[in-house]
Amino acid sequence: MTLQVENNALAAARQARLSFRPELRVYDSRPGEADRRYTVYDPVTDLSYFLGPRELMIARLFDGRRSVADVAACAAGELHSEVPLQKVEALQNRLMQYGLLEEPGSARHRRVRDPAAGISYGPLKSLLMVPVLRIDPGVFLDRLYRRFAWLCTPAFVGVGLAVMLLAIAVLLPAGGDFLGDAGAIYGNGPHWLLWHYPVVVVSILLHEVGHALACRHYRVRITDFGVAVYLLLATGWARPLQRDWESIPRSQRLVAIAMGPYVSLLFAAAGVLLWRWGPEGVLHTAAVVAAVSSTLALIPTLLPMFNGDAYLALTEMAGVPRLRQRAFRYAKLLCTGGCQEEHLSRGRKWLYAFVIFAAVAGWLAVWALLVYMVLLVLPVIEYLFLGTWNR
């Protein structure tokens with residue numbers, strides 16, 4: 001019976017017409033790199049896979065019309081040599097395991113995982129995530145860097161730091177006035193929503209551009225770039241190609257991580273200066289919102305409990321890639337009795353304990369904030385439908 005089932009499965013696999021998913025992004029190796037394999041990036045799962053040149057050529061022959069035997073015949077014609085059917089079948093099985101092949105017209109049910117935490121968002125991410133922008137930024141970044149390469153120079157960074165210091169010097173004696181203006185904007189009806197979200201999205205967009213431009217300066221390619229609103233909070237990402245990221249020195253990786261917060265603080269500083277010396281009216285309101293929203297949006301990414309810049313910097317300084325995932329795997333093995341504790345130093349154990357505690361605290365904080373923001377929005381709904389506003 002088992003043999004019959006296996007034979008039926010093999011026959012079905014041979015007759016299947018599978019397609020190499022069109023949204024996959026393929027990156028070749030950098031000049032001078034010894035490893036000549038291609039990186040296939042899946043923007044749905046945020047995972048990457050390596051394929052050799054021949055494997056990638058054969059994978060692209062899966063077009064949804066050819067069977068595996070047809071693919072083997074086409075590959076033999078392309079390579080001018082015999083391609084064993086068994087090897088093509090093995091490659092097909094591996095690509096299916098990776099999720100890189102699909103049946104045309106079939107529904108996709110891939111679970112989206114956070115590669116840093118190693119957990120599945122399940123339906124929550126698709127229900128609660130509202131995408132604002134998501135692109136493959138390669139061409140855009142190349143053009144932007146060619147025109148504005150001076151943004152990555154030490155001189156510009158120094159000027160930006162001077163602007164931040166000036167903003168602090170301006171804000172310290174006039175803090176009461178600034179808080180008064182911020183209270184007038186955020187505490188006088190729901191109209192602040194019309195200002196806050198557009199400005200905070202621009203702030204996060206510039207934050208991620210800071211990361212991306214620094215990566216481009218160090219010749220690290222960005223596989224995915226975007227901004228979205230998740231749990232009523234704006235979020236963004238600029239994901240580097242992992243093989244490029246790991247090939248540069250740690251000091252350069254830390255600089256690329258720091259450039260996001262640098263741009264956010266510069267944006268907030270510009271808001272403070274525009275508030276102080278700009279004209280009254282719309283620009284004055286926009287300046288206050290820019291300073292407030294950019295600063296508030298920066299807080300989560302500077303807390304290591306979230307999957308932001310502070311967490312990435314921690315992984316780099318500790319020299320432990322996928323730190324959160326490793327910590328939870330260690331905790332799971334420890335609970336099931338399968339962990340060999342002598343393999344880890346005392347410092348590593350404390351690091352894992354801190355990461356697990358911080359991650360759990362972060363998740364609880366996010367959900368608590370969601371409940372709070374829902375309660376905060378209820379008066380807005382009341383205002384929209386009943387015309388009354390309770391401060």
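## Hairpin

In E4, Leu-47 is the bridge partner of Asp-42. Strands E3 (residues 38–42) and E4 (residues 47–51) pair in the antiparallel sense over five bridges; pairing needs at least two DSSP bridges between the strands. The two form a hairpin with four residues between them. In the turn, Asp-46 has a positive phi of about 60°.

Strands (E, at least two residues) and helices (H or I, at least four) are DSSP runs, numbered from the N terminus.

## Basis

This is a predicted model: local features need pLDDT of at least 70, side-chain atom pairs count only at pLDDT 80 or more, and totals for chains, interfaces and linings use all residues. Residues are numbered from 1 along each chain as its sequence is written, and side-chain values use heavy atoms, without hydrogens and water.

## Nonpolar cores

The largest nonpolar core has 41 residues. A core joins buried Ala, Val, Leu, Ile, Met, Phe, Trp, Tyr and Cys residues through side-chain atoms within 4.5 Å; buried means under 20% relative accessible area (1.4 Å probe, protein chains only). Leu-213 and Val-288 have the most contacts inside this core. H11 gives the largest share, ten residues.

Leu-213 touches Leu-141, Leu-144, Tyr-145, Leu-151 and Cys-152, not counting residues up to four places away in sequence. Contact means heavy atoms within 4.5 Å. A second, separate core of 22 residues includes Ala-16, Val-40, Val-68 and Ala-72.

## Helix pair

The axes of H7 and H11 come within 9 Å and cross at roughly 45°. Axes are lines fitted to C-alpha atoms over the stretch in contact, with angles from 0 to 180 degrees between N-to-C directions. H7 is therefore oblique to H11. Oblique covers what is left after under 35 degrees (roughly parallel), over 145 (roughly antiparallel) and 65 to 115 (roughly perpendicular).

How values were computed: Buried means under 20% relative accessible area, exposed over 50%, partly exposed in between (1.4 Å probe, protein chains only).
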